[in-house]
Structure formats: C-alpha cells, structure tokens
Amino acid sequence: MEPVTSVQPEQVVDFLVDLPHPEFLELLQRVFAKKVAYEESWNEGRFFLGIGERVLAAWENDEEIDEAKWGPWRVRAVAYVDRTQYDEGYPEQWGDRLFTQHGSCPTCGMGLSSYMKRAICPICGTQAGLT
Ligand SMILES: [Zn+2]
C-alpha cells in the first residue's frame, strides 16, 4: 500500500465522486468500521452516510411550483446491504443501483434508504426490510 501522502486530496474527491452509489457506500462502510466518531465509557458515536431529502409539497400543480412550496428537510441514513440475505454478487447486479429503497430501523427508528430491500441499519446494526 502506498503512503497516503502520495495521494492528493483532489484525487480522492474525484475518485469518490466517480464511484457508483453501491461502491461508494461499500467503501464508506469499510472506513466507518475503522473510524470511530467518538467513544467514551458513557457514550459512543458512529459515522454513517446520510441523505438530506425534501419533496415538493405541491408537486401535482407543476405550473405553480416555487421555492416556498418545498416541504421540510428530512435525514435518512443509507443502510448497508444485508449480505447474509443474498447470494454472493447478487446485490452488485441490482437494477438502478440508486438509494431508492426506503424504510425505517425497527430498533432505533432511523429512516433508512438503500439500493437493496434487505438492509442493515448503519447506526445500531439491526436488520431492516426496505420497500
Ligand atoms: Zn437502527
């Protein structure tokens, strides 16, 4: 492995931007497994990939859409693929490979999105079903 100092930050940014969503998620999953946000005897924090999302509150009436009609921002965590539920290689072949499967974690209640229906909450590690 080359020393990190030989890589320019802009190269890292370009590499990450060019990754398809599943590969981007998987790379960050590996990073977050090693990089602790904070961990003390009385609390712990974990990094996760999130999506800030808002939708038009009046999307049916296209002619009058403006900035004021956007709904509130919500945050969803991008869930990891539950690889115990799929044959090896199957998730990599899936459809549009975008984070269009949604649900929530049955344990911590976090809103989740991912590209597969069988997922793992990136915060508490619970299995979740997305639709
Ligand atoms: Zn959870």
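1. Two strands are taken to pair if DSSP finds at least two bridges between them, and the strands themselves are DSSP runs of E of at least two residues, just as helices are runs of H or I of at least four residues, both numbered from the N terminus. On that basis, strand β6 (residues 101-104) and strand β7 (residues 111-114) run antiparallel and are joined by four bridges. Q101 has S114 in β7 as its bridge partner, and G103 stands opposite L112 in β7. The two strands form a hairpin with six residues between them, and G109, in the turn, has a positive phi of about 80°.

2. This is a predicted model, in which local features need pLDDT of at least 70 and side-chain atom pairs count only at pLDDT 80 or more, whereas totals for chains, interfaces and linings use all residues. Residue numbers start from 1 along each chain as its sequence is written.

3. On the overall layout, the protein chain contains two helices and nine strands, and along the sequence these follow the pattern α-α-β-β-β-β-β-β-β-β-β. With contact meaning that the C-beta atoms of two residues, placed from the backbone, lie within 7 Å, 47% of the contacts between residues at least 6 apart in sequence join residues at least 24 apart.

4. On burial, a residue is called buried if 20 or more other C-beta atoms, placed from the backbone, lie within 10 Å of its own, exposed if 12 or fewer do, and partly exposed in between. Buried residues make up 16% of the 131 residues in the protein chain. A nonpolar core is a set of buried Ala, Val, Leu, Ile, Met, Phe, Trp, Tyr and Cys residues joined through C-beta atoms within 7 Å; in the largest such core, which has 17 residues, A79, L112, A119 and C121 touch the most other members. At least two residues of this core come from each of β4 (74-78), β5 and β8. Leaving out residues up to four places away in sequence, A119 touches A79, Y80, V81, D82, L112, S114, A128 and L130.

5. Two phenylalanines deserve a look together. F32 is found in helix α2 (residues 21-34), while F48 is found in the loop between β2 (44-45) and β3. F32 counts as partly exposed because it has 16 C-beta neighbours inside 10 Å, and F48 is partly exposed because 17 other C-beta atoms lie within 10 Å. Not counting residues up to four places away in sequence, F32 touches R46, F47 and F48, and F48 is in contact with F32, A77, P122 and I123. C-alpha to C-alpha, F32 and R46 are 7.5 Å apart in space and 14 residues apart in sequence, whereas F48 and L25 are 9.5 Å apart in space and 23 residues apart in sequence.
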